[in-house]
Amino acid sequence: MFKSVFALAALAVAAPALAQGTPESFNGPFVGVQGGWQQDRQTLDVTDSAGTFESRQNKDGFAYGGQIGYDFRLSPTTVLGAEVALTGRTGTTPLDGFNSLELKQGRTISATARLGYLVNPDGLVYVRGGYSNARFTIRDANTDISEDRDGFQVGVGYEQLVARNVSARIEYAYSRFGTDNLPALAADLGANQAELKYTRNAVTAGLNFRF
């Protein structure tokens with residue numbers, strides 16, 4: 001009888017401590033790594049008296065990098081997060097019709113927020129959006145000209161807790177980095193206007209280590 005009472009009392013005391021020792025998923029700081037496919041697209045629009053002509057150049061590469069952020073549990077099923085990521089990409093894009101010129105995609109820094117819904121206690125579906133800045137370098141045999149371009153990033157993904165403090169995710173993201181007006185090129189082509197647009201598609205997988 002007394003043993004049972006003592007056992008129940010011990011359980012009552014231990015239960016809150018056990019509950020406090022079990023972390024709530026997707027709530028707190030994290031740091032992680034990511035990698036996957038990235039396609040950069042440059043679209044050249046040339047306008048003359050006959051209309052606008054469009055030329056696109058796509059180049060695939062391997063994206064790699066890391067991220068750091070924080071998740072907040074707004075409710076039992078809703079998560080609001082903030083993240084800063086630094087990524088790079090392999091390869092360059094030849095600029096067709098411009099002799100030996102090629103475009104290299106350099107580092108990208110992004111600062112985004114995400115809003116997610118827990119489809120199960122350890123699985124999160126989310127949408128993401130925010131600021132992005134990418135470096136592009138035009139190269140030829142003699143010179144490199146670099147430019148940092150501001151833009152935006154939006155995306156959607158799924159993240160799953162795979163261990164007590166580790167989660168895995170897969171994500172699609174679309175980025176756009178504005179438009180360059182190229183009056184010198186327009187003059188060379190005998191056109192009224194030439195514009196170069198920068199966009200990006202990426203599918204990446206990642207691991208986050210949570211604290």
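A contact here means heavy atoms within 4.5 Å. With that in hand, to the protein itself. Among its contacts between residues at least 6 apart in sequence, 63% join residues at least 24 apart.

Two notes on the source. This is a predicted model, in which local features need pLDDT of at least 70 and side-chain atom pairs count only at pLDDT 80 or more, while totals for chains, interfaces and linings use all residues. Residues are numbered from 1 along each chain as its sequence is written, and side-chain values use heavy atoms, with hydrogens and water left out.

Now the elements. There are 2 helices and 9 strands, taken as DSSP runs (H or I, at least four residues, for helices; E, at least two, for strands) and numbered from the N terminus. Their order from the N terminus is α-β-β-β-β-β-β-β-β-α-β.

Next, burial. The protein has 211 residues, and 37% of them count as buried, that is, under 20% relative accessible area with a 1.4 Å probe, protein chains only.

What makes up the largest nonpolar core? By nonpolar core I mean a set of buried Ala, Val, Leu, Ile, Met, Phe, Trp, Tyr and Cys residues joined through side-chain atoms within 4.5 Å. The largest one has 11 residues, including Leu44, Val46, Phe136, Leu196 and Tyr198. At least two residues of this core come from each of β1 (28-48), β6 (123-139) and β9 (193-210). The largest share, 3 residues, is from β9.

Tyr198, leaving aside residues up to four places away in sequence, touches Leu103, Phe136 and Phe177, among others, including Arg41 and Asp180. A second, separate core has 5 residues, among them Phe26, Val79, Leu124 and Tyr126.

Definitions and conventions. Buried means under 20% relative accessible area, exposed over 50%, partly exposed in between (1.4 Å probe, protein chains only).
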